[in-house]
Amino acid sequence: QVQLVESGGGLVQAGGSLRLSCAASGRTFSSYNMGWFRQAPGKEREIVARIRRSDVTTYYADSVKGRFTISRDNAKNTVYLQMNNLKPEDTAVYYCAAQQKDGLGYNYWGQGTQVTVSS
């Protein structure tokens, strides 16, 4: 069982930056692929970025490439999402999630943190 707690959301002006953190409980954090997702009002949840457990290979949605950076610190059981040059369309609730096995769904989800970008 893994519990995930996000933090770092807030209100920021367009062009600003935020860093989201996701702290995981348990001693097996390093064995999970980790992802950041977001859901804007009236829209479906979408993946923003993910990072693999082993080789820390990363993936980014086209909409955030070059602006967002995902990283992880296995010693701290934490995954981060650095968000730069934020745009109003980045406004959403951001969730982190843990995936135990490649190719399957994400097993554990955090409660989400609100990010609001004003124009």
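This is a predicted model: local features need pLDDT of at least 70, side-chain atom pairs count only at pLDDT 80 or more; totals for chains, interfaces and linings use all residues.

Biologist: Over how many bridges does each pair of strands run, E1 with E3, E3 with E8, and E7 with E8?

Modeller: E1 and E3 are joined in the antiparallel sense over 4 bridges, and Leu4 stands opposite Ala24 in E3. The antiparallel pairing of E3 with E8 extends over 6 bridges; there, Leu18 has Met83 of E8 as its bridge partner. E7 and E8 (residues 78–83) likewise pair in the antiparallel sense, over 6 bridges, with Thr69 opposite Gln82 in E8.

Biologist: Is strand E3 mostly covered or mostly uncovered?

Modeller: As a general idea, side chains in a regular strand alternate between the two faces of the sheet. In this case, E3 (residues 18–24) is mostly covered, with 5 of its 7 residues buried.

Biologist: Let us take a residue in a loop. Where is Arg52 placed, and why does Arg52 count as partly exposed?

Modeller: Arg52 lies in the loop between strand E5 (46–51) and strand E6 (58–60). Arg52 counts as partly exposed because its relative accessibility is 29%, and that class lies between the cut-offs of 20% for buried and 50% for exposed.

Biologist: Which residues does Arg52 touch, leaving aside those up to four places away in sequence?

Modeller: With those set aside, Arg52 touches Asn33, Thr57, Arg72 and Asp102. With Asp102 there is a polar contact between the two side chains, at 3.2 Å. The C-alpha atoms of Arg52 and Ser71, 19 residues apart along the chain, are separated by 9.8 Å.

Biologist: How many helices and strands does the whole chain have, and why does its radius of gyration agree with a compact globule?

Modeller: The protein chain has 0 helices and 11 strands. For 119 residues, a compact globule would have a radius of gyration near 14 Å, and the chain's 13 Å therefore agrees. Of the 119 residues, 43% count as buried. Among contacts with a separation of 6 or more, 55% come from residues 24 or more positions apart.

Note on methods:
Residues are numbered from 1 along each chain as its sequence is written. Side-chain values use heavy atoms; hydrogens and water are left out. Two strands pair if DSSP finds at least two bridges between them. Helices (H or I, at least four residues) and strands (E, at least two) are DSSP runs, numbered from the N terminus. Buried means under 20% relative accessible area, exposed over 50%, partly exposed in between (1.4 Å probe, protein chains only). Contact means heavy atoms within 4.5 Å. A polar contact is a pair of N or O atoms within 3.5 Å; within protein, one must be able to donate a hydrogen and the other to accept it, and residues adjacent in sequence count only if both atoms are side-chain atoms. The radius of gyration is taken over C-alpha atoms; the globule rule is 2.2 Å times the number of residues to the power 0.38.
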